[in-house]
Amino acid sequence: MAAALALAERGVGQTGNNPSVGCIIVRDDVIIGRGWTQNGGRPHAEAMALQQAGSAAAGATIYVTLEPCAHQSERGPACAQLVRDARPAKVIGAINDPDARTAGQGFALLAEAGIAIEVGVMASEARRQLAGFFSRLERARPFVTLKMATSLDGQIALANGQSRWITGEYARAHAHVERARCDAILVGAGTVRIDAPRLDVRIAGLESRSPRKIMLGSGDAPQGWEVLRSLDDLGQLGCNTLLVEGGAKTASAFLRAGLVDRLLLYRAPILIGAGTACLGDIGLGNLDAAHGRWQISLSRRLGKDSIEVYDALI
């Protein structure tokens, strides 16, 4: 299952509204098929792996990171039917599909065909990898990551507005990888007008993975951008994952509304003093309310800089 999850990583940020799934088919301790959700969402992982395995899939064991879909689509057949027709001996799944069109029906179809089913292997890892897909279906909004790059004293620019660059090349490269893993990226209208950010992925070989560009606010957006008028309309973006990159007013608005699921905090070993703070009012009435909201999941050095990743607890 760990290998299937690793395969699924290849499609993260590239599968549209579809989840990025990994699938491995094993027979006599030999991998005979493997697949992951392809760009745009098709083919699905199971279809790709079954095509590789061919008739050898009969009697094999299939590992899949999400329940095979059970609904028909104009874009391709239901994976549960493809798996059933391949006649494997066993299907091991990480987690059930939250989509109401499947939601247990995929595994049920396979069980009815006499195929042994085991569900729950590395379920927490799969749920984390598919957090955006689950968020869109269960909360009607994307999974939101807020990225901030600050000085040690929490500033994102000098008093004169200069902000390039606070962090170094390794931290910026890491941030571009994060961009490549998201469906869409958002900044406030003020940042668009003042900084004219490109918001693309500038890592050799990953340029095609640049996410959709979203401007939060009023007015016309540059060509190639989309406009989100209000955070109340967040679900209308129709994407699984959203990366928020600023500025301070936008970051504060997302935090104040309780819409941040993950924090990426890049920090450079510099002090700025008077400048532009990374955050404004985030709606805290007292200090006690600031505690118990975040849990650190990663801390590491990126050259001279550092990154800390925090997951929301509420």
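**Ground rules**

I count residues from 1 along each chain as its sequence is written, and side-chain values use heavy atoms, with hydrogens and water left out. Since I am working with a predicted model, local features need pLDDT of at least 70 and side-chain atom pairs count only at pLDDT 80 or more, while totals for chains, interfaces and linings use all residues.

**Entry 1: the active site**

I looked up the UniProt record first. Its unreviewed entry lists Glu 46 under "active site"; UniProt positions are in the numbering used here, feature names are shortened, and annotations may be inferred rather than shown by experiment. I found Glu 46 in helix α2, residues 45-53 (helices are DSSP runs of H or I with at least four residues, strands are runs of E with at least two, numbered from the N terminus).

Is Glu 46 buried or exposed? With a relative accessible area of 4%, Glu 46 is buried (buried means under 20%, exposed over 50%, partly exposed in between, using a 1.4 Å probe and protein chains only). I then listed contacts (heavy atoms within 4.5 Å), not counting residues up to four places away in sequence: Glu 46 touches, among others, Cys 23, Val 64, Cys 69 and Cys 79.

**Entry 2: the binding site**

The same record, again as an unreviewed entry, places "binding site" at His 44, Cys 69 and Cys 79. They span 36 residues in sequence, yet no two of their C-alpha atoms are more than 9.2 Å apart, so they gather at one spot.

I found Cys 69 in the loop between β3 (61-64) and α3 (79-86), and Cys 69 is buried at 5% relative accessibility. Cys 79 sits in helix α3 and is buried too, at 1%. Beyond neighbours within four places in sequence, Cys 79 touches His 44, Glu 46, Pro 68 and Cys 69.

**Entry 3: the two domains**

I moved on to domain 1 (1-135) and domain 2 (140-312), with bounds from an automatic or database domain assignment. Their centres, taken over C-alpha atoms, are 33 Å apart. The contact takes 13 residues from domain 1 and 16 residues from domain 2.

How many salt bridges cross the interface of domain 1 and domain 2? I noted 2 salt bridges there (a side-chain nitrogen of Lys or Arg within 4 Å of a carboxyl oxygen of Asp or Glu). Helix α6 (residues 131-139) gives the largest share of the side of domain 1 that touches domain 2, with 4 residues.
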